[in-house]
Structure formats: structure tokens, C-alpha cells
Amino acid sequence: MSDIPQAMSLPRARDGMAVPIGLAGVAVAAAVVVSEPALGWAGVLVAALFGITVALGGALFAAIFAATSATWWLPIRSAPLAIAGTLVVPALLLGLFVALGVGAVYPWTDPDIVAASHTLHAKAGWLNHSF
């Protein structure tokens, strides 16, 4: 028998609820984006950034302890690795926001508004979609 503890297994009792709850959240977010675009896209942006932060935190936690060869975290390693594995979902949300929702949240992405404002025209180098 090895001295290294084995990873704990997470309970699977609520696995069946993850997909319906996720789909309900997507439906609510889509309804808000359609009815109130500025509010809905701002919510998508906040959710995406929060999710990216949490996933990167799990990845950083795992990377630090793997780099230092720590053994005390081995029984719980599945938790930060699972959290880090969710990085794709908020990254896709952020990409969706950048592709479709930037104009609803940030008015300076509209060239007509920039042309009408001297202040925004002076800051056009920084306040553009490609920067």
C-alpha cells in the first residue's frame, strides 16, 4: 500500500440536476438579453469574468501545490482540478459577449456617438473594439 493518500470521490447525488439548472439559467439570461440588452449583456459579462476568476483560482491552487510537490493536498486534488476544468464555459461566455454584446454595454463602440463627442473622439485610440 502506498503512503500517498488517494483522491476523494465527490458525491454524485445531484449530477442529474446540473444540466436542467444550467439550461434554466441560460434561458433566463437570454430572456434578459432580449428584453433589456444593456442589463442582460452586463450580467453576461459579470458572470463570465466571475467564472473565469474562479476557474483560474482552482488552476492556480493546483499548479502551486504541484510545483512545490506538496502531498497534503492529494486527497482533495479533484476539487480544484474540477473547478479549473470549467474554464471553457466562462471563456465561451466572454467570447459571446465580445462578439455580440459590446455595443449594448459600451456606447463608445458606436462610431456615430464617438464622432459627436469631442472627449470620446480624443480617446478613440483606447476606446475601440480592437484595443
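## What "exposed" means here

A residue is called buried when its relative accessible area is under 20%, exposed when that value is over 50%, and partly exposed in between. Keep those cut-offs handy for the rest of this report. Leu39, for instance, has 58% relative accessibility, so Leu39 counts as exposed. One thing to know before we go on: the model you're looking at is predicted.

## The overall picture

Let's start with the whole protein. It has 6 helices and 0 strands. If you walk along from the N terminus, the elements read α-α-α-α-α-α. There are 131 residues in the protein, and 18% of them are buried.

Helix 2 covers residues 37-67, and Leu39 is part of it. Leu39 also belongs to a nonpolar patch on the surface, together with Val28 and Val32. Between them, these three residues show about 260 Å² of accessible area.

Now look at how helix 2 sits against helix 4, which spans residues 88-105. Their axes come within 9 Å and cross at roughly 150°. Angles over 145 degrees count as roughly antiparallel, so that is the label for helix 2 and helix 4. The crossing between these two helices is left-handed.

## Helix 4 and the end of the chain

Back in helix 4, take a look at Ala99. Is Ala99 buried or exposed? Its relative accessibility is 60%, so Ala99 counts as exposed. Ala99 and His129 are 30 residues apart in sequence, and in space their C-alpha atoms are 9.9 Å apart.

Leu127 is in the segment after helix 6 (118-122). With a relative accessibility of 22%, Leu127 counts as partly exposed, because the buried label needs a value under 20%. How far apart are the C-alpha atoms of Leu127 and Val114? They are separated by 9.2 Å, and the two residues are 13 residues apart along the chain.

Key
Residues numbered from 1 in each chain as written. Predicted model: local features only at pLDDT ≥ 70, side-chain atom pairs only at ≥ 80, totals over all residues. Heavy atoms only, no water. Patch = residues over 30% accessible without salt bridge, like charges linked within 9 Å, V, L, I, M, F, W, Y side chains within 5 Å. Areas by Shrake-Rupley, 256 points an atom, 1.4 Å probe, with all protein chains shown as cover. Salt bridge = Lys/Arg side-chain N within 4 Å of Asp/Glu carboxyl O. Helix = DSSP H or I, 4+ residues; strand = E, 2+ residues; numbered from the N terminus. Buried < 20%, exposed > 50% of the residue type's maximum accessible area, 1.4 Å probe, protein only. Axes fitted to C-alpha atoms, helices over the stretch in contact; angles between N-to-C directions. Parallel < 35°, antiparallel > 145°, perpendicular 65-115°, else oblique. Left-handed = near helix turned anticlockwise from the far one by under 90°.
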